[in-house]
Amino acid sequence: MPVSSLLRRIRFAAWVAVALGLTAGGVFFLTRNAPEIQKAIGGVARIGGPFQLTAHTGQPFSDRDLTGKPYAIFFGFTRCPDVCPTTLNDLSLRLEELKADGDKLRVVYVSIDPERDTPEFLAEYMKSFDKRIVGLTGTAAQIAGIAKAYRVIYEKVPGAAGDYTMNHTASVYLFDAKGDFASTLAYQEGEKSQLAKLKKLVGGS
Amino acid sequence: MMLRLMHICVVLAIVQLPMPVRAQSQEYQAGAIKVTQPWLRVPPAAAKVAAGFVTLTNTGTAPDRLIGGTVSNAARVEVHEMSVVAGVMRMRQLQPGLEIKPGETVALEPGSYHLMFLDLQKSPVAGTNLKGTLVFEKAGAVDIEYKVEPAGARSSAKAGKGSGSGSGAGRNASQ
């Protein structure tokens with residue numbers, strides 16, 4: 001066999017090996033990253049993510065403080081006359097109804113009006129609710145960050161004399177102990193339905 | 001089939017009968033506008049705002065508008081519309097006010113329209129009344145008293161659905 005023909009065969013075999021390698025690598029990559037890729041192309045979207053805020057106690061509070069236990073997260077503001085206090089009141093009542101199981105749940109309330117809701121003001125405000133509920137606030141950029149991570153909408157609505165109010169997502173989002181989105185509680189949802197969802201959430205942890 | 005329908009009708013009629021007789025609601029008259037049981041609930045500690053609720057009936061022949069009012073413990077009162085659609089709460093001031101057509105009853109209630117009390121100066125106490133006024137475009141101003149229900153009340157005990165205790169959902173603010 002002439003040398004040139006042998007070289008051609010070797011070159012062909014090398015290309016086949018490269019092609020096989022690429023295919024195998026691709027299959028391995030796709031298999032390993034299937035959940036992420038599925039999410040990226042429109043599967044179940046990931047809700048939540050890293051954040052750094054300040055609690056009403058003045059202590060720093062981040063996403064790491066939400067790991068290992070199921071949690072309920074709700075966005076609002078203290079100059080909200082109806083939905084926000086009602087929801088915080090509902091959550092306080094449900095925590096009491098859960099009795100000892102209430103300690104298996106974390107509940108956080110994030111202000112989407114950080115301009116007016118300082119940690120000091122939240123400290124006063126949160127006195128009206130269950131002590132286990134943590135009020136969170138931060139800089140405008142920090143709030144924008146967590147709202148984006150949790151896919152929460154909020155916007156300022158100008159009012160009279162330079163005053164303003166806020167429109168915002170008002171559902172309570174529930175997450176399981178692994179940090180995966182589980183369910184929501186809606187404004188004016190029945191007490192029994194709310195309690196059933198929370199029982200399921202803490203029972204499964 | 002007919003029998004079953006009749007049966008259902010009879011059951012419905014019986015269910016209707018023992019409807020709780022409404023306890024006496026506080027009523028006021030402003031011209032052609034009947035004002036029924038103004039109320040609010042205790043807002044959270046240090047809160048700067050609260051919502052007032054009331055039911056208005058236009059017994060006249062011309063439309064009127066609720067354009068504002070006063071309440072003893074707040075600097076300003078506005079008429080607001082609130083809605084929760086697809087999980088998003090939206091709120092806005094109604095200008096020039098909330099229309100009440102002839103023969104119509106409009107309820108300002110949780111989850112809907114409310115009187116927005118701004119710059120609260122003192123937190124109201126459950127079980128007391130707060131003096132205030134409602135102002136209508138045509139009927140003018142009328143003196144009223146808001147009944148203060150516990151925090152978290154979903155309705156006023158008197159204006160509500162006969163639950164008798166405000167709402168059963170009330171939770172007293174732990175000061």
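Predicted model: local features only at pLDDT ≥ 70, side-chain atom pairs only at ≥ 80, totals over all residues.
**View 1. The fold of chain B.**
Chain B contains 1 helix and 11 strands. In sequence order, the pattern is α-β-β-β-β-β-β-β-β-β-β-β. The chain has 175 residues, and 44% of them count as buried. Contacts in chain B between residues at least 6 apart in sequence can also be sorted by separation: 62% of these join residues at least 24 apart.

**View 2. The contact between chain B and chain A.**
Chain B contributes 35 residues to the contact, and chain A contributes 37 residues. Together the two chains bury about 2800 Å², with 54% of this area on carbon and sulfur atoms. Across the interface there are 12 residue pairs in polar contact, both residues being at pLDDT 80 or more. On the side of chain B that touches chain A, β3 (49–58), β5 (74–85), β6 (88–93) and β9 (114–120) of chain B each provide at least two residues. Of the elements of chain B, β6(B) gives the most to this side, with 5 residues. Sorted by class, the side of chain B that touches chain A consists of 19 nonpolar, 8 polar and 8 charged residues.

**View 3. A salt bridge across the interface.**
Between chain B and chain A, 4 salt bridges are counted. One of the salt bridges joins the side chains of B:Arg90 and A:Glu155, with an N to O distance of 3.1 Å.

**View 4. Strands paired across the two chains.**
Strand β7 of chain A, residues 164–169, pairs with β6(B). The pairing is antiparallel and runs over 2 bridges. Within this view, A:Thr169 stands opposite B:Val88, a residue of β6(B).

B:Gln29 belongs to strand β1 of chain B, which spans residues 27–30. Is B:Gln29 buried, partly exposed or exposed? B:Gln29 counts as partly exposed because its relative accessibility is 47%, and this class lies between the cut-offs of 20% and 50%. Apart from neighbours within four places in sequence, B:Gln29 is in contact with B:Lys34, B:Thr59 and B:Val142. B:Ala139 is 110 residues away from B:Gln29 along the chain, while the C-alpha atoms of the two are separated by 9.2 Å.

**View 5. Polar contacts of the B:Gln29 side chain.**
Which backbone oxygen does the side chain of B:Gln29 reach at 3.2 Å? It is the backbone oxygen of B:Gly31. A polar atom of the B:Gln29 side chain also lies 3.5 Å from the backbone oxygen of B:Ile33.

Definitions and conventions
Residues numbered from 1 in each chain as written. Chains lettered and ligands numbered in written order. Heavy atoms only, no water. Contact = heavy atoms within 4.5 Å. Buried area = accessible area lost by both parts, 1.4 Å probe. Polar contact = N/O pair within 3.5 Å; in protein donor to acceptor, adjacent residues only side chain to side chain. Helix = DSSP H or I, 4+ residues; strand = E, 2+ residues; numbered from the N terminus. Nonpolar A, V, L, I, M, F, W, Y, C, P; charged D, E, K, R; others polar. Pairing = 2+ DSSP bridges. Buried < 20%, exposed > 50% of the residue type's maximum accessible area, 1.4 Å probe, protein only.
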